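I opened a new structure today and kept notes as I went. The entries below follow the order in which I looked things up.

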Amino acid sequence: MTRLEGADGDVLAVAREAVRVLREDRATRRALFPRLARLHHERRALQDLPELPRTPLAARVGTVLWWLLHAAGLTAVLTSAVMLGPSGRRNAYLGADDALAVALPAGVVALVLLAGLLVLPVPAGETPRSAVGLAVITGLVVAGLVGYRLVAGTSDSRGFSGDQVRSWTPWALAGLAGLVLLVVRLERARRRTPPRAVRRDPAQARRHLRRQADRLAGTPTPAGTTAAWERRLTRLEERGVPATTIAQARSLSPAAWLAWTFDDPRLDVSGVLAGTEGGRPPVGAAE
């Protein structure tokens, strides 16, 4: 943020002249002015919003560990199902015995991890919302793979025997059931999460608005308006606006001055865009 020099009345007086300069260009007016108003409205809304309390280290570590457990559980149940999936390039050289040697341990690991997820508390915040989506996607894939093997049985080119399919099926169905229970639990946790627990961090919102102000400050100056901007600044200086304020205004474009004015939540910019705000009399109003 560029800190504008001068008292509030001086800053707003220059802002009104910047509006009069830019208003002559229809494209700039329509693109810039609504975004300036929206920027200031959002900055004012954030002004008195307290910062979210910093999450304790133990809670952050717990969330990371929960996500690792969640990822490992989904990976394990998916691995168990993929090992007995349909024939393809990825398993063309994987024999039935080798596939089962991976699928059965993966199924056991999946049940252990999913059981842990069903017992451990779900971290607060956005975790339930994100985790339920991943669990649903994984569950749909696993359901498709398990359904395929139950329908195909031993009739495809993978070469599984009936005993092998029967030994794998209970673990696969149990893993799928565990995923369903996990989705139900995460969905309940998501619904119980109060809106304020997932609201946007005010500090993050302020950084976002600051980037918006930077982009607005970079709005190109319409052709032919530089001279008008200089004339209006000279008249403001003649009417008593401090030289430091005028010098800074000359170093900035009209759009940049407006961007940093509207980015300041302390300033009352009501009427600036309409040119009706009280304070210093308009300069060159008859032009």
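Why does the distance between the end C-alpha atoms of α2 agree with its 22 residues? At 1.5 Å a residue, the helix should span 32 Å, and its end C-alpha atoms are 32 Å apart. The expected span is 1.5 Å times one less than the number of residues in the helix.

**Ground rules.** I noted that this is a predicted model, in which local features need pLDDT of at least 70 and side-chain atom pairs count only at pLDDT 80 or more, while totals for chains, interfaces and linings use all residues. Residues are numbered from 1 along each chain as its sequence is written, and side-chain values use heavy atoms, with hydrogens and water left out.

**Overall make-up.** I found ten helices and zero strands in the protein. Helices (H or I, at least four residues) and strands (E, at least two) are DSSP runs, numbered from the N terminus. Of the 287 residues, 41% are buried. Buried means under 20% relative accessible area, exposed means over 50%, and partly exposed lies in between (1.4 Å probe, protein chains only).

**Helices α1 and α2.** I checked α1, residues 8-22, in the same way as above: its 15 residues reach 21 Å from first C-alpha to last, close to the 21 Å expected. In α1, 13 of the 15 residues are buried, so the rest of the structure largely encloses this helix. In α2, the buried residues include Leu 32, Phe 33, Leu 36 and His 40.

**Helix α3.** Gly 73 is in α3 and is buried, at 0% relative accessibility. I looked for what lies across from Gly 73 and noted Leu 113, 40 residues away in sequence and 5.1 Å away from C-alpha to C-alpha. Val 61 is also in α3, which covers residues 57-82, but Val 61 is partly exposed at 41%.

**Surface patches.** Val 61, Val 64, Leu 65 and Leu 68 make a nonpolar surface patch of about 370 Å². Patches are made of residues with over 30% relative accessible area and no salt bridge; like charges are joined within 9 Å, and nonpolar side chains (Val, Leu, Ile, Met, Phe, Trp, Tyr) within 5 Å. Accessible areas come from the Shrake-Rupley method with a 1.4 Å probe. A patch of positive charge gathers Arg 35, Arg 38, Arg 207, Arg 211 and Arg 215. Lys and Arg count as positive here, and the place of an Arg charge is taken as CZ. Helix α7 gives the most to the positive patch, with three residues. Arg 211 lies in α7 and is partly exposed at 44%.

**Salt bridges.** Side chains of opposite charge can pair when their charged atoms come close. I counted 13 salt bridges, each a side-chain nitrogen of Lys or Arg within 4 Å of a carboxyl oxygen of Asp or Glu.

Which residue forms a salt bridge with Asp 264? The partner is Arg 3, with the closest N and O atoms 3.7 Å apart. Asp 264 lies in the segment after α10 and Arg 3 in the segment before α1, so the pair ties together parts 261 residues apart in sequence. Asp 264 is buried at 6%, whereas Arg 3 is exposed at 51%.

Arg 149 and Asp 156 pair at 2.8 Å between the closest N and O atoms, and both are buried. For Arg 166 and Asp 163 the distance is 2.5 Å. Both lie in α6, three residues apart, about one turn of the helix. Arg 166 is exposed at 56%, and Asp 163 is exposed at 55%. Shared partners also join Arg 3, Asp 8, Asp 264 and Arg 266 into one salt-bridge network.
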